[in-house]
Amino acid sequence: MTPKKSRSANTAKLQVKESLQLGTLPDDELMKLIAQANTAAQSPRPSGIAAPGITPDDIVSCVEIATAGALLALAEKAAGHSHSDLGRALGVSRQRVKEIMESGNLEIETMARVAAACGYELSISLHPVNPDRPVLGAVISAARA
């Protein structure tokens, strides 16, 4: 990366940090997600990409809230499900789905089942604090959870 591009990237990260009131600068993965959301909001959606009604603000609110329930609510919205629809698919009440979406502390099995009902797989990654360690990750399917 050239020094000019590096300064530009750092400026953008500072703007995102301030805008979202983050404690640290966002990582490159978050910056890519925000850029993709902004691009998607400004251009027609290509065929084959199914995320009806998802806006950059939805993504930002999920990042700001940073709860498992908020992420699952975003998946529910992308799938076009209501709480009742999702409850029927999971074999639980609409009220239980509401509780899941409002929760910040969910079991991995619950998250995997909800994600699968919305057409997603649950992926967990561990990002090292020390740069000498690798990123670790796993995809958790509802059948294995």
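Reader: Leaving aside its neighbours within four places in sequence, with which residues is valine 114 in contact?

Author: Contact means heavy atoms within 4.5 Å. By that criterion, valine 114 touches Leu72, Leu86, Leu90, Ile100 and Met101. Please note that this is a predicted model, in which local features need pLDDT of at least 70, side-chain atom pairs count only at pLDDT 80 or more, and totals for chains, interfaces and linings use all residues. Residues are numbered from 1 along each chain as its sequence is written, and side-chain values use heavy atoms, with hydrogens and water left out.

Reader: Which residues touch the most other members of the largest nonpolar core?

Author: In soluble globular proteins, nonpolar side chains tend to be buried together. A nonpolar core is a set of buried Ala, Val, Leu, Ile, Met, Phe, Trp, Tyr and Cys residues joined through side-chain atoms within 4.5 Å; buried means under 20% relative accessible area, with a 1.4 Å probe and protein chains only. Here the largest core has 15 residues, and Leu72, Leu86, Met101, Leu106, Met111 and Val114 touch the most other members.

Reader: Which elements give two or more residues to this core?

Author: They are α4 (68–79), α5 (83–90), α6 (94–102) and α7 (108–117), and α7 gives the most, with four residues. A second, separate core of five residues includes Val16, Leu30, Met31 and Ile34.

Reader: How many helices and strands does the protein have?

Author: Helices (H or I, at least four residues) and strands (E, at least two) are DSSP runs, numbered from the N terminus. This protein has seven helices and two strands, in the order α-α-α-α-α-α-α-β-β from the N terminus.

How values were computed:
Buried means under 20% relative accessible area, exposed over 50%, partly exposed in between (1.4 Å probe, protein chains only).
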